[in-house]
Amino acid sequence: MDRIFGRAWLILGHESQIRNPGDFFTTRMGRESVIVTRHTDGSVRVLVNRCAHRGARVCDAVAGTAAEFVCAYHGWTYGTDGSLRGVPLPGGYDRPAAEMTKGGLARVPRVATYRGFVFASLAEHGPSLTEFLGPLRASFDDFVDRAPAGEVETAGGVFKHAYHGNWKLVLENHNDTVHPAFVHASSIWAAREQPAAAGEAYSEIGVRQMLQNGAPWEVWENTGLWVAGYGHSWMGDYHDDDRLVAALDHPGFAEYRAALERRLGREGTARVLGELRWNSIVYPNCSFMSQFRQLRVVHPIAVDRTVVHAYSFRLKGAPEQMFRDTIAFSNVVNGTASPVLTDDLEVYERTQHGLGGRRTDWVYLGRGHGGDVAAGDGAFRGGTGTSEVHIRNQFAAWLEYMTAEA
Ligand code: FES
Ligand SMILES: [Fe+2]
């Protein structure tokens with residue numbers, strides 16, 4: 001927790017969650033509970049959610065708007081920048097409280113945003129966010145550039161799920177292209193047995209996505225898989241269903257494409273929609289799908305317990321149908337009762353259980369080893385899309401964090 005989650009840039013959320021001064025949400029950075037606020041000067045602040053008096057959690061709400069935060073224990077009050085604003089019965093303390101508490105709530109030392117996504121690091125020093133993200137910035141660019149108004153916003157609530165397993169399992173899985181045929185076999189077969197929907201049923205997006213998980217081996221082998229510094233990776237896309245991929249020619253996307261063309265022109269739109277990515281992983285706490293408007297934040301709770309929050313995004317300026325598709329897609333891949341997600345959670349728990357045995361130490365991550373090729377900008381590409389290169393890359397970053405000098 002300290003060496004990785006205490007050092008890396010962690011994604012916390014999106015600026016649309018704190019649009020106006022006083023808006024805030026709470027989240028975690030490893031073990032720390034933090035409050036992310038929009039201060040009165042418009043800046044984003046990240047405050048440690050621990051009262052400077054005797055340590056109570058100051059803000060208990062998930063999100064909201066507040067002029068100040070009042071600790072429930074003895075009433076100490078803090079501004080949206082964490083500054084100590086008020087101490088009841090001040091005369092009773094041996095020194096002025098501001099002097100005692102370094103001025104209020106502890107501030108997380110580094111905060112930065114990229115294309116509206118909010119990151120912070122608990123380490124005073126380290127690479128800039130730009131350097132940290134490296135070529136992964138293109139995945140965030142892809143996410144935002146797809147919005148006809150050039151901006152995205154979180155919407156539709158948050159799916160939260162937990163599993164009894166280590167946080168690394170979810171990141172290893174999201175670029176694992178061998179598993180769908182096995183882990184998701186039951187939903188692939190169920191989808192194949194679905195009668196064709198008359199007209200466009202709400203469930204259609206989900207059924208189509210489940211069918212795509214059954215893509216033939218050549219498709220997975222030929223899908224691009226890239227890795228970059230700090231443990232990040234991203235995949236090319238494997239979808240060929242024109243109702244799911246806006247770059248293809250389904251009439252369901254006509255209005256959206258027209259809206260995008262008004263901002264980017266025909267060529268610009270083709271370029272943006274032609275950027276086909278599946279999961280992008282920002283090690284150690286984020287996985288997102290720029291093309292499908294989904295972002296997941298991974299919270300380790302214990303060595304064998306992980307919570308994942310899944311956000312859906314609205315492309316501003318896009319027809320409402322796009323957002324309905326986003327939610328339908330989210331229900332099938334991120335929903336707590338999703339027939340796809342539940343398969344993955346089952347296999348994480350089986351893996352955790354298996355690894356808990358004491359008889360063997362090693363796992364085998366050799367698929368594609370030796371076949372990686374340099375892809376420019378410090379990135380490498382797996383020899384095939386089914387390589388385990390992303391897991392080797394994650395463990396290289398893990399080793400670096402774990403062995404770096406404090
Ligand atoms: S612990 Fe917060 S006011 Fe005492
Ligand atoms: Fe899966």
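Predicted model: local features only at pLDDT ≥ 70, side-chain atom pairs only at ≥ 80, totals over all residues.
Leaving aside neighbours within four places in sequence, F5 is in contact with L10, G30, L122, W167, P284, N285, V298 and P300. F5 sits in the segment before β1 (10–14). F5 is buried, with a relative accessible area of 3%.

Turn to the aromatic rings. The structure holds 22 aromatic pairs. Show W167 with Y283, a tilted pair with 5.7 Å between centres and 55° between planes. W167 is in the loop between β11 (152–163) and α4 (168–173), and Y283 is in the loop between β14 (277–282) and β15 (286–289), so this pair ties together parts 116 residues apart in sequence. W167 is buried at 8% relative accessible area. Y283 is buried too, at 1%.

Next, pick F292 and F329. Their rings are stacked, 4.5 Å centre to centre and 5° between the planes. F292 belongs to the loop between β15 and β16 (294–302), F329 to helix α10 (residues 320–333), so the pair joins parts 37 residues apart in sequence. Both F292 and F329 are buried.

Then select Y114, F117, F119, F140, F143, F288 and F313. Ring pairs link these residues into a cluster.

Finish with two helices. Display α6 (residues 185–192) and α7 (residues 204–212): their axes come within 8 Å and cross at roughly 120°. The two are therefore oblique to each other. The crossing of α6 past α7 is left-handed. On α6, show S187, I188, A191 and R192; on α7, show V207, M210 and L211: these make the contact. By class, five are nonpolar, one is polar and one is charged.

Definitions and conventions: Residues numbered from 1 in each chain as written. Chains lettered and ligands numbered in written order. Heavy atoms only, no water. Axes fitted to C-alpha atoms, helices over the stretch in contact; angles between N-to-C directions. Helix = DSSP H or I, 4+ residues; strand = E, 2+ residues; numbered from the N terminus. Parallel < 35°, antiparallel > 145°, perpendicular 65-115°, else oblique. Left-handed = near helix turned anticlockwise from the far one by under 90°. Contact = heavy atoms within 4.5 Å. Nonpolar A, V, L, I, M, F, W, Y, C, P; charged D, E, K, R; others polar. Buried < 20%, exposed > 50% of the residue type's maximum accessible area, 1.4 Å probe, protein only. Phe/Tyr/Trp six-rings, centres within 6.5 Å; stacked < 30°, edge-to-face > 60°.
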